[in-house]
Amino acid sequence: MPRPERKLISLTIDGREVQAVEGTMLVDAARAADVEIPYFCYEPKLGAPVGACRMCLVEIEGIPKLQTSCSTPVRDGMVVNTTVERVKEAQNSIVEFLLVNHPLDCPVCDKGGECPLQDITFGWGKGRTRVIEPKRHFVKPLALSPLIAIDRERCILCYRCVRFSQEIAEDWQLIFTERGAHTFVGTHDGHPYVAPFSGNIIELCPVGALTSRPYRFRARPWDVEGSGGVCTLCPSQCNVEFTVRDDKVTRVLARENPGVDDGWLCDKGRFAYQAIHVDERITTPLVRGADGELRPAGWDEALEAAGALAEHRGRAAALIGGQASNEEAFLLARLLREGLGSGDIDSRLGAAGELDLNLMRALAAPALQASVSDLEFAHIVLVLGTEPIDDSPILDLRIRKGVRRNGVKLAIASARPSALDHNAKLAIRFAPGGEAEFLESLEWALGTPGSGETHELAALLRDGGEEVVILWGESLSAPARATLLRIADRLGLAERQGAGLLEVPLGTNARGIREAGALPGAGPGYGEASPGRSAAQIAAAAAAGEIGALHLFQIDPLRELPDRDGWERALAGAKLVVAHAATLTDGLARHADVIFPAESGAEKDGTVVHPDGRLQRLRSAIRRPGEVRAGWQVLADLAKRVGLDTGVLTAGMAFRQLIAAVPFYEGLTLEAIGGRGLRWPETEAAAAMPAPGPLAAAAGASATPAASGPRAEANGHLLAGTYRSIWAASEVEISPALRFAVAEQVVELSPQDADRLGIEDGAAVRVAQNGTRLRGRAAIRSGVPAGTAFLAAGIAEESANALTEPLVEVSKL
């Protein structure tokens, strides 16, 4: 879909000739020309303006009445006056009107010092009032949600929060109730406003009506400083600003980057900062003593104990979690390959088989890489095998925006119902694990006339427009990925501007970690490397005694990876387990011999790579607590203990080594990456990306594929699928403000299966498979296909990764 054309026109504002893009709102054109027009309700991110506050009135020659500059597009030759007497009088009157009921409690208001109403009152108010009647009063403050307090007396009815709820997040929970002077913001029947993106209304509020309960009364603007950073809690990698006081993060705000996040944050990214400063945080090295208990230790003792990795040269393996930086992944891969003579390193959270390097190179080809903004302007977006609201929440908002504003045609193909189904032109369900069969059916339908929903999707992709973006999840199997590549080739996505593939990985920096060489059989930049085992193969080898040492970098495989029992055996069988962790999980507490304290995202210096190939810079916003050291430093020191001098003394040196090792990063600098990031697929160095070799042909691709729809088994067993909730994170579990949202085992069932099994919504259920039993709570969802059950993975207790077979038995407790 064509991006908006940028045609420049000329207009006059207060006697000055100004150039602006045609269609720009007058208030934005004035701001670009350093002419300040006050406003409250206007916020470009919210879409079409509503002109609710009337604060931005200006005079336009040829129009007798004053006009709202927030809702008036500029046109060529327009003459605008913002300082004439009748404009000033109108602005004075609006300020006076807003203050009729607004309490003058700035000294105790959290917004004081950073409040637009304060600023506009000083700049455009008369400084006096004619009103002597009592102001309106409400009970205050009320808990709008566990995270947000509302002071209704301060509300100026700008409509921003309601518009966000209804038009951006589309949860429709916030409404205006009552009328006239009694109007206030509320929810239906007073229910708490609990939603994945609710915290954005705090930042949108131009007064102190909506405040953060965790931040309330914690600091004043003159007590704090802001530090730009990147959220490392999910692959969205939203740009943030950490509010810092006394070397502690006290608040997280959005730092708008249109190419990444559109200026929004999910509540996990906004409020889980509390995990940085809780007592559960590991701030000193831990070493397991002779009594079998973990105890605090000094760095020399911990490094000496971890240096025993050298005793397992050739028999060591490493796993690396998604929150690692590119530099940490690069150094860990060097430690394994050069220091320990092992290629057994993996970072893929969803892959069980051997790495197909040609397939990975083909999927990462620069010409095939769609950007985040392409989701907003494409003709068609296909969401395949992923749930954006859980896996990369900000992409959910970007897709909704594209559908709502630009008429993007959305199609969903997944096993589990999606939050985006309501927005989709077409939603197709397939059996859990049936992605490969579905894609083979789609490939066949693209070249063969027929009927049915698969052919309908094929017609949409083929004939619906030039710009097609396929958003796909990392959990797709290797055969499914190979078929996806053939579909992309058939559609010609690599040759179309604004079209392509965009992967949603399971780890925050999964793409960057891969590009840094933390893969079995693949070095930096997807180059050739010594053969190595995958994560599943590492587990089997460790359980069999073939691997003697395991290095776990910010990952607990008992929680993050499939086959929990297999990893229990692997960790128990390893002679040495070295871990880097910020919190002590149950698995690490039982199995780790050495634990190095890991940095939080607010403490790291380094880089990460967004799923669309954008390198972004992590900057340290606060000092590391206790004895925490930089991850790159720990790896460099540990490498010396095993006889490898990495030559790394600073984070910058690690970055330069990484750039030199990855051909398509050539020429990148920290200064070029800056605060907005830089997409390497758009650089000249992208041509150095290794070309993939020939891919294996898929058997049976030319024949009519078998149907892959879910079905109920005759014995009453259900096909099991898994999902990972947005709240399934250790940071959520230890953040006091988010404990109400901690993910638990919720078993999603279809109404048909629930009725057959006699299970009510919310009832306690048991899930059984081959002697393994999990407990959870039933959730009956109309979109779940009959014959399937979906279980939560990645949670602390009763996680679905304890199950290894496709069928489960669900019963009421």
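Modeller: Here is a quick tour, by topic. Keep in mind that this is a predicted model.

Colleague: Layout first. Which domains is the chain divided into?

Modeller: Domain 1 covers 8–98 and domain 2 covers 286–349 + 509–684. Domain 3 is 358–504, and domain 4 is 718–812.

Colleague: How far apart are the centres of domain 1 and domain 4?

Modeller: Their C-alpha centres lie 53 Å apart.

Colleague: On to charges. How many salt bridges does the count come to?

Modeller: The count comes to 52 salt bridges. Arg641 with Glu304 is a pair, with the closest N and O atoms 2.9 Å apart. That pair links distant parts of the chain, 337 residues apart. Arg641 sits in helix H21 (residues 631–641), Glu304 in helix H7 (residues 299–306).

Colleague: What about Arg590 and Asp586?

Modeller: Their side chains form a salt bridge at 3.1 Å, N to O. Both are in helix H20 (residues 586–591), and because they are 4 residues apart there, about one helical turn separates them. Arg590 is partly exposed, with 39% relative accessibility.

Colleague: Which residue does Glu748 pair with?

Modeller: Arg781, in a salt bridge of 3.2 Å, N to O. Here too the pair links distant parts of the chain, 33 residues apart. Glu748 belongs to strand E32 (residues 746–749), while Arg781 is in the loop between strand E34 (772–780) and E35. Glu748 is buried, with 5% relative accessible area. Arg781 is partly exposed at 25%.

Colleague: Which residues are linked in a network of salt bridges?

Modeller: Asp105, Lys140, Asp151, Glu153 and Arg154 are linked that way.

Colleague: Back to strand E35. Where does Thr788 sit?

Modeller: Thr788 is in strand E35, which runs over residues 788–792. Thr788 is buried, with a relative accessible area of 1%. Its side chain reaches the backbone oxygen of Pro785 at 2.7 Å.

Colleague: How far is Thr788 from Glu748?

Modeller: C-alpha to C-alpha, Thr788 and Glu748 are 8.5 Å apart in space. In sequence they are 40 residues apart.

Colleague: New topic: Asn423. Where is that residue?

Modeller: Asn423 lies in the loop between strand E19 (409–414) and strand E20 (426–429). Asn423 counts as buried, at 14% relative accessibility.

Colleague: Which side chains have a polar contact with Asn423?

Modeller: Glu170 at 2.9 Å, and Arg400 at 3.2 Å. Leaving out residues up to four places away in sequence, Asn423 touches Glu170, Arg400, Val403 and Leu410.

Colleague: Last one, cysteines. How many disulfides does the search find?

Modeller: A search of the whole structure finds 0.

Technical notes: Residues are numbered from 1 along each chain as its sequence is written. This is a predicted model: local features need pLDDT of at least 70, side-chain atom pairs count only at pLDDT 80 or more; totals for chains, interfaces and linings use all residues. Side-chain values use heavy atoms; hydrogens and water are left out. Helices (H or I, at least four residues) and strands (E, at least two) are DSSP runs, numbered from the N terminus. Buried means under 20% relative accessible area, exposed over 50%, partly exposed in between (1.4 Å probe, protein chains only). A polar contact is a pair of N or O atoms within 3.5 Å; within protein, one must be able to donate a hydrogen and the other to accept it, and residues adjacent in sequence count only if both atoms are side-chain atoms. Domain bounds come from an automatic or database domain assignment. Contact means heavy atoms within 4.5 Å. A disulfide is a pair of cysteine sulfur atoms within 2.5 Å. A salt bridge is a side-chain nitrogen of Lys or Arg within 4 Å of a carboxyl oxygen of Asp or Glu.
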